[in-house]
Amino acid sequence: MATTLITGGTVISSTGRAQADVLIDGEQVAALLAPGTTAFGVDNLQAAVDKVIDATGKYVIPGGIDPHTHMQMPFGGTEACDTFETGTRAAAWGGTTTIIDFAIQRYGEKVMDGLAQWHEWADGNCAIDYGFHQIIGGIDDDSLAVMKELPDEGVTSFKLFMAYPGVFYSDDAQILKAMQVGAETGMMTMMHAENGPVIDVLAQQLADEGKLAPYYHGIARVWQMEEEATHRAIMLADVTKAPLYVVHVSAKQAVAQIAAARSRGQNVFGETCPQYLYLSLEEQLGAPGFEGAKWVCSTPLRARAEDHQNQLWRGLRTNELSLVSTDHCPFCFKGQKEMGKDDFRAIPNGIGSVEHRVDLLYQGVVEGRITLERWVELVSTTAARMFGLYGKKGVIAPGADADIVVYDPNGHTSIGLEKTHHMNMDHSAWEGFEIDGHVDTVLSRGAVLIENDQYVGAKGHGQFLKRGLSSYLM
Ligand code: URP
Ligand code: ZN
Ligand code: ZN
């Protein structure tokens, strides 16, 4: 088994920072050592190991965990254009060493058939480790019964939709029943909280007035219907005593609902995504012509003038929001986003960011919005705890998987299609972003994936992760 020593760096965890060398034996972390310590009876550890990685002046952090991706997802009349192969490779480039993707069950389909399909797509194709949540898009007696078997499959969370009528939508009675299964089994209910039926009427009315540009996607999906659905989901979770995780929160009013529930003691958690922290209705969705289609996603980008972005950052700092995922759901501009060139309702919903989450969140450190420790918590540790991976993932400690990123705070990353774009898309939602910091070296279970700005990983290295229940539940 190969041994590796990462020397000279500052190891950052969710609770602190220390100068330490990290010794890796095979796929796991063997020890954290004070610099220069002799260990295991060996005087010169650097000479004894197979590989030395010099992290002098750099941060050594647990590999990123992105708990919300949609690789090759069939959606919006097409399918997300990153496969498990291309998407996980791009994730590795950006310092993410675990994703949790969503298997799908629709009306009339069997839950376990959906899960088997996603296994087939991912197995042998991933560069990094991966797990699955299960989308339940058709709640009936059969799916409610079979959901109880998901934890035995290592799938301990399911996503429901209050949006997308006719696609994945569930009504309140169905949600109540699914949440009762969540309460009984300890599985996390993940919720897309937007009032879909109301939004569809508003969208139809805009279309009737000839308002068909991408910008109107954001106008139809009003924040009131995100706040309302978030509140309704919280109330249903309270009635059923189910743990609730609200995905892709973009409205400050939804953050307030989550904060209120948390302060009442409810097991309610919220995630946001980089697009909601940085991008806006006015600047991106409102870009000239059809350009705004690149940023059509749901929940939508919100108005900068309404101050959602600052309030999301505040929520991340104060733990009203627990996590940052990407909701990576990429569609090419040509042929895919273009499907809606005459009507925003036909634009496939989704943005690709899996490559940039660690870098984009680091800007929060640079800008003084969050600490280094909170950065690590938001990009790695909390996701491990939230979704039953902690100990193996999310931490650099003896026995943990050696999923490690050496991050250079003095490096620089210019996001653009030329050099820093490995997602399988013909555009980047982040083109032109200048990042202070750079992903230097990436290891997954002890294997180097990124080194000297080269990808040296392998398709099929990534393994399926059977997850346990959330560490946050009593
Ligand atoms: O626009 C989005 N978010 N696309 C992916 C599907 C979802 O709702 O998460
Ligand atoms: Zn969603
Ligand atoms: Zn999603």
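## The zinc site

The zinc ion (ligand 3) has four donor atoms with angles of 86 to 135 degrees among them, and its site counts as irregular. For the label, four donors are tetrahedral if all angles lie between 85 and 135 degrees; four are square planar and six octahedral if opposite donors are over 155 degrees apart and all others between 65 and 115; anything else is irregular. This is a predicted model, where local features need pLDDT of at least 70, side-chain atom pairs count only at pLDDT 80 or more, and totals for chains, interfaces and linings use all residues. Residues are numbered from 1 along each chain as its sequence is written, and side-chain values use heavy atoms, with hydrogens and water left out.

Who holds the zinc ion (ligand 3)? The protein donors are His68 (NE2), His70 (NE2) and Asp327 (OD), 2.0 to 2.1 Å away from it. Donors here are N, O and S atoms within 2.8 Å of the metal (3.2 Å for Na, K and Ca); water is not among the atoms, so sites may look incomplete. Another zinc ion, ligand 2, is 4.0 Å from ligand 3.

## The two histidines

His68 is buried, at a relative accessible area of 0%, and His70 is buried too, at 4%. (Buried means under 20% relative accessible area, exposed over 50%, partly exposed in between, using a 1.4 Å probe and protein chains only.)

A polar backbone atom of Asn349 lies 3.0 Å from a nitrogen atom of ligand 1.

Conventions
Chains are lettered from A and ligands numbered from 1 in the order in which they are written. A polar contact is a pair of N or O atoms within 3.5 Å; within protein, one must be able to donate a hydrogen and the other to accept it, and residues adjacent in sequence count only if both atoms are side-chain atoms.
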